[in-house]
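Subject: Structure for your review

Dear colleague,

Please find below the structure that I am handing over to you.

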Amino acid sequence: MYAPERQQEILRLAREAGRVDVLSLADQFQVTAETVRRDLKALDRAGLVRRVHGGAIPAGRLDFEPDLTEREVTAADEKDRIAAAALAELPDGGSIVLDAGSTVARLAAVIPVDTALTVVTHALPVAARLADHTGIDLHLVGGRVRHRTRAAVDAWALRAYAEIRADVAFLATNGFTAEGGLTTPDLAEAAVKRAAMAAARRVVLLADSAKAGQEHFARFGSFADVDLLITDPGLDPAQKAAIEAAGTEVVLV
């Protein structure tokens, strides 16, 4: 296969999957990793992809944010397993923060009805799933609601999180790398995530492995801020080792 043909196929794969990684492409096309990096560099120069750690994403992806419906059906099995594993991290009779995100919403959906908890959230879908739980003392953080995520942002939300200290915060992210930390496309959303992390004594990140290697516009934390990452076995072993080296426990489910 000639380089232009290979690059066209790489672009197609990136657009279909949302990202491509160097090692998988090298194996698929039976070429060296350096050859793939040259292909990605050529596509990046042409404005067709953007280079990220370990691979590339389609051009514009750093600013792309799928809506709630799309996120709900993406990596559904992995998210269900992650949510089920996260139940073990609920503090008995304690307090938690639930971030906006499809995996965190799945956690809210599987919390037993008779659970005694204080829950704080700025995510409308999360609040809706817990509103009928009589054992839960539910606090809904207000602010401007972003239509794409159904999450409250801006000054009201930031002030509310500055006033609490919960036992555990369950965080979501659009992308993560060991080096670049946790990122999301929107600055206002990032600010609230940062405030939610600071509002808890323990931070648990719930993120499927497809988000590994993805970098978005707004950074809201590093793995030095995260106590536990619950993800799936698709996480690259090198990324897992680097995240653990930063002091974060990693659980694969």
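Predicted model: local features only at pLDDT ≥ 70, side-chain atom pairs only at ≥ 80, totals over all residues.

Seven strands form an open sheet with parallel pairing, in the order β6-β5-β4-β9-β12-β14-β15. Its edges are strand β6 (136-140) and strand β15 (249-252), each of which pairs on one side only. On average, neighbouring strands of the sheet are turned by 20° against each other, direction ignored. Within the sheet, β4 (residues 95-98) pairs with β9 (residues 166-171) in the parallel sense, over three bridges. Leucine 98 is found opposite phenylalanine 170 of β9.

Helix α5, residues 76-86, lies across three of these strands, namely β9, β12 (200-206) and β14 (228-231). Helix α5 runs at about 140° to β14.

Salt bridges

Three of them are described here in detail.

Aspartate 80 belongs to helix α5 and arginine 106 to helix α6 (residues 102-110), so that the pair, 26 residues apart, links distant parts of the chain. Arginine 106 counts as buried, at 12% relative accessibility, whereas aspartate 80 is partly exposed, with a relative accessible area of 40%.

A further salt bridge joins the side chains of glutamate 189 and arginine 146, at 2.5 Å from N to O. This pair, too, links distant parts of the chain: glutamate 189 lies in helix α9 (residues 187-198) and arginine 146 in strand β7 (residues 144-146), 43 residues apart. Glutamate 189 is buried, with a relative accessible area of 3%. Arginine 146 is buried as well, with a value of 12%.

The salt bridge between glutamate 244 and lysine 240 has its closest N and O atoms 2.8 Å apart. Both residues lie in helix α10 (residues 237-245), four residues apart, which is about one turn of the helix. Glutamate 244 counts as partly exposed, at 35% relative accessibility, and lysine 240 is partly exposed, with a relative accessible area of 22%.

Finally, salt bridges that share partners join Glu9, Arg12 and Glu16 into one network.

With kind regards

Terms used:
Residues numbered from 1 in each chain as written. Heavy atoms only, no water. Pairing = 2+ DSSP bridges. Helix = DSSP H or I, 4+ residues; strand = E, 2+ residues; numbered from the N terminus. Axes fitted to C-alpha atoms, helices over the stretch in contact; angles between N-to-C directions. Contact = heavy atoms within 4.5 Å. Buried < 20%, exposed > 50% of the residue type's maximum accessible area, 1.4 Å probe, protein only. Salt bridge = Lys/Arg side-chain N within 4 Å of Asp/Glu carboxyl O.
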